[in-house]
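Here's a quick briefing to read alongside the model. Have a look at the fold first, then at the aromatic rings.

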Amino acid sequence: MQVTETLNEGLKRGYTITVTAAELDAKVNEKLIEAQPDIEMKGFRKGKVPMAMLKKQFGPRVLGEAMQDAIDGAMNSHLETSGDRPAAQPEMKMTNENWKEGDDVVVEVSYERLPDIPEVDFSDVKLERLVVKADDASITEALENLAKTAKSFEDKDGAAEDGDQVVMDFLGKVDGEAFDGGAASDYPLVLGSNSFIPGFEAGLVGVKAGDVKDVDVSFPEEYGAENLAGKAAVFTCTIKAVKAAKDAAIDDELAKKFGSEDLAQLKAQVAERLEAEYQGAARAVAKRSLLDALDGKVEFDLPESLVNAEADQIAHQLWHEENPEVHDHNHGSIEATDEHKALAGRRVKLGLLLAEVGNKAEVKVSDAELTQAVMNQARQYPGQERQFFEFVQQNAQFRQQLQAPIFEDKVVDHIFSVAAVTDKEVSKEDLQKAVEALEEE
């Protein structure tokens, strides 16, 4: 077996692998000898079938396996010797397309190797971590929002306004005929909640207790029930009560509604939650600063194939964001721009660098961390959790997609632990500006 280098340019590599006919024949014989003890054939006892007959009967079938094994073995041996790590699956092509048994097998192999990543001294990477404390004003604002979610409704005199609750009986008809799901009794509807079809709630603004009002509406064209989609309807509404919203008092009773013993404990929990939110936002800002610093600190050759694939993905994603009405891939080709390629180069470089740092630091994603990520994803599919778990178990590529961001965050935390990080206390508004600056980039 012979491996001859044909290309060595940057990260690109090319080789010709030649497996001689004699080597291939020896590989076939090896496989047949291995299988011989378990083979039965008419006229022979199990394991006693002559090799010549085995070769005639099974040789052509074994030949393909032997050929693949020989080529794979040569490739693996080459990668082990050279230390190359292909950026993607190597391309392989037989050059002698008219190959017949007895000929040598000649295969051309090409790939891009992953680059050698330089060592980085993180101790001189200077980063600033923003720290925000939950002040009294923020805690009060959060408590007021909680009070709004726990609001009650009390009977009022006069006409209904947005934000009021209307308690009513209603009956809907299309072309004079009632339809399934179009009637209810003592239904409490908050005007302005947009929980009914467009126009319904607006049609009830101004009603009073005791009124009977017909509300004319049209079902949306994309309405779920095909027999109602796009149809005009009339809802006869009998108003039983009009109620005004009243926010809950911020006191111990409110605290108990949210599982706290008293208001003091609720305030402490709110402060803790707010500071956790601030910490998460501050971490995102610090992470971007770190990635910017690493991008400017390290340079190495990038596999062209990875950059092009990432650029194509970026271009495709941005195109769909600009054309949200297109939900499939039935559209023309999308060309990646120089801007897309520049962003792709940054992502590929930082991805390779973080992977190398993580491997050297022996960063691992634990089973518990992966399980938690799977559970978080499963919540997006209520009622289909079991099917989702089965899909994850059977799909190694998807598990890898779930692991990737966890691994990256753990590597970033590792770098934070050795970099020169200083905390800077700022206001909530300053943190918000920093987060908005991230979103604008």
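The chain has eleven helices and eleven strands. Keep in mind that this is a predicted model. Its radius of gyration is 34 Å, whereas a compact globule of 441 residues would come in near 22 Å.

**Overall shape and surface**

- Along its principal axes, the C-alpha trace covers about 100 × 65 × 45 Å.
- Of the 441 residues in the chain, 32% are buried.
- Take the contacts with a separation of 6 or more: 67% of them join residues 24 or more positions apart.
- On the charge side, there are 49 positive and 87 negative charges, and their mean positions sit 5 Å apart.

**Aromatic pairs**

- Searching the whole structure turns up 15 aromatic pairs.
- One of them is F170 with F235, an edge-to-face pair with 6.0 Å from centre to centre and 65 degrees between the planes.
- That pair links distant parts of the chain, since F170 belongs to strand β7 (residues 165-174) and F235 to strand β10 (residues 232-246), 65 residues apart.
- F170 and F235 are both buried.
- Another pair is F179 with F219: the ring centres are 5.8 Å apart and the planes meet at 80 degrees, so this one counts as edge-to-face, the class for angles over 60 degrees.
- F179 is in strand β8 (residues 177-190) while F219 is in the loop between β9 (212-218) and β10, so the pair ties together parts 40 residues apart in sequence.
- Like the other two rings, F179 and F219 are buried.

**A glutamate to look at**

- E356 is part of helix α7, which runs over residues 338-360.
- Is E356 buried or exposed? With a relative accessible area of 16%, E356 falls under the 20% cut-off, so it counts as buried.
- Leaving aside residues up to four places away in sequence, E356 touches R85 and I117.

Terms used: Residues numbered from 1 in each chain as written. Predicted model: local features only at pLDDT ≥ 70, side-chain atom pairs only at ≥ 80, totals over all residues. Heavy atoms only, no water. Phe/Tyr/Trp six-rings, centres within 6.5 Å; stacked < 30°, edge-to-face > 60°. Helix = DSSP H or I, 4+ residues; strand = E, 2+ residues; numbered from the N terminus. Buried < 20%, exposed > 50% of the residue type's maximum accessible area, 1.4 Å probe, protein only. Rg over C-alpha atoms; globule rule 2.2 N^0.38 Å. Contact = heavy atoms within 4.5 Å. Lys, Arg positive; Asp, Glu negative; His and termini not counted. Charge placed at Lys NZ, Arg CZ, Asp CG, Glu CD.
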